[in-house]
Amino acid sequence: MASSPPGSAPLRHTPLHSRHVALGARMVPFAGYDMPVQYAKGIIAEHQHTRKAAGLFDVSHMGQLALVGPDHASVSRALEALVPADILGLVPGQQRYSQLLNDQGGIIDDLMVTRPLDSDDRLLLVVNAACKEGDIRHIRQHLPEGVGLEVLDDRALLALQGPEAEAVLARHAPEARNLSFMTAAPMQVAGSACHVSRSGYTGEDGFEISVPADRAGALWDLLLAEPEVEPVGLGARDSLRLEAGLCLYGHDINEETSPVEAGLAWSIQRRRRQEGGFPGSHRILEELENGPLRRRIGLQPEGRMPAREGTEIKDAAGELVGEVTSGGFAPTLGAPVAMGYVASDFAREGTQLTLVVRGKEIPAQVVPMPFVAHRYKR
Amino acid sequence: MTTYYTKDHEYIRVEGDTGTVGISDYAQSQLGDVVFVELPAVGKTLTKGAEAAVVESVKAASEVYAPVSGEVIAVNSAIEETPATVNEDPLGDGWFLKIRLSNAGELQELMTEEQYEDYLKTIS
């Protein structure tokens, strides 16, 4: 970073910053970075292009970390002390979604954990940009002797998402076709040593490509030159993940919400439920047994008016029963959708609720998520 | 027929004692894709600077303020059905409402088209 006046916090740049600017992106501050919220064609066009063909996202602001120790068992046990997922049971090349938990079972951050195919002494983690400094401190404070955390800040991260992603990436890395959803492998992509996972944050098939920072620009240019590919900013990334029913940290999940309340119990595998031994396990195992007091639900409002974060949710009697945590317009549906938390009595599919938007009462129905079906390649 | 602008990027195109209100081309470009518009009831009396309508993009909701005081005499219901018209033709088919001016003197507090162009240069 260039020097800046004392007291001001300069925005950080990803290795692709100048390319976003050259593409005419509208840049906004996000998690301490100057990031593209949209390019020239706009959020809806970018969103629809990702659903129809392939979108290219710069997600280099996210934290890429490596937990390093003597062997898989040691690093897995170190991480299992912080997350409720079965890490020990990962096979080489397998990726899993999990959450860093506080002692009350609240979510400090959500993250992707990968056991690499090519080395048994480490786990690769991808954490949220806004949380990464805190995550690094938290993880380091809790590591046992002999296990360390490396910050891979010499790497960029690109996401290539959409039904044409496989065809596009396979032109430059044929082995990409061999990956299935939530698996990963090191591979050469157009001559750069990358680590590629088949995962993403859109509900579409696609890949996340970890690339050395000094090769990121060339890879971005190469993928963007493919006829199926358009650049996609943070605006469409948010509308895509909302349609896919995926949580946004700091909004749909936070240090108060537990994974069970958030509908993420699927990410707590059986062995961990039997053994416990993760932060907040008392609360979480109790919630798994008896059900949580509140649950994250999907809502389909009537009409066209979007109900955004913070919107009050009331029951038929007009009592406050919850709050919207993410909401907006779903381009694929041409209609608004929302997610939020309600008292568990009101979480059943088909329950009629009321959203209060600018003083107006909008009828809404509890609907299953995702709002738009996932199209992962399993 | 003269068009005036506010610092909040509303316009009002005045013919006689009525004006057509909408948002400027700059405003629609800053908002991005418009997905919802909420219009006032015909007959509602607005005071200058009060909330007249709401326009929502994919990202956020924004208020549209009355450029002058007066009574709402028509609203453009077509943009409730096809909000993208606000992006495509903000100064034409993407208008929001028509107002009967109660105090034409308030127009003097607004910017002319030329002044608005200069104003845009100072904020971009």
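How many cavities of 30 Å³ or more does the structure hold? In this predicted model, the structure holds 1 cavity of 30 Å³ or more, and the largest cavity has a volume of about 40 Å³. Its lining is made up of Pro36(A), Tyr39(A), Phe57(A), Asp58(A), Val59(A), Val232(A), Gly233(A), Leu234(A) and Arg237(A), and the elements that give two or more residues to this lining are β3 (54-58) and α7 of chain A.

Turning to the interface, the contact between the chains draws 17 residues from chain A and 17 residues from chain B. About 1,400 Å² is buried between chain A and chain B, and carbon and sulfur atoms give 48% of that area. Of the area that chain A buries against chain B, 42% is supplied by Arg304(A), Arg308(A) and Arg358(A), more than by any other three residues.

Between chain A and chain B the count is 4 salt bridges; one of the residues named above, Arg308(A), forms a salt bridge with Glu56(B), in which the closest N and O atoms are 2.7 Å apart. Across the same interface, 12 residue pairs are in polar contact, with both residues at pLDDT 80 or more. On the side of chain A that touches chain B, two or more residues each come from β2 (33-38), α2 (43-52) and α7 (234-243) of chain A.

Note on methods. Residues numbered from 1 in each chain as written. Chains lettered and ligands numbered in written order. Predicted model: local features only at pLDDT ≥ 70, side-chain atom pairs only at ≥ 80, totals over all residues. Heavy atoms only, no water. Contact = heavy atoms within 4.5 Å. Buried area = accessible area lost by both parts, 1.4 Å probe. Salt bridge = Lys/Arg side-chain N within 4 Å of Asp/Glu carboxyl O. Polar contact = N/O pair within 3.5 Å; in protein donor to acceptor, adjacent residues only side chain to side chain. Helix = DSSP H or I, 4+ residues; strand = E, 2+ residues; numbered from the N terminus. 1 Å grid on protein atoms, 1.4 Å probe; cavity = no way out; pocket = protein on both sides within 12 Å on 5 of 7 lines; lining within 4 Å. Points joined across faces, edges and corners; volume = space filled by probe spheres on them.
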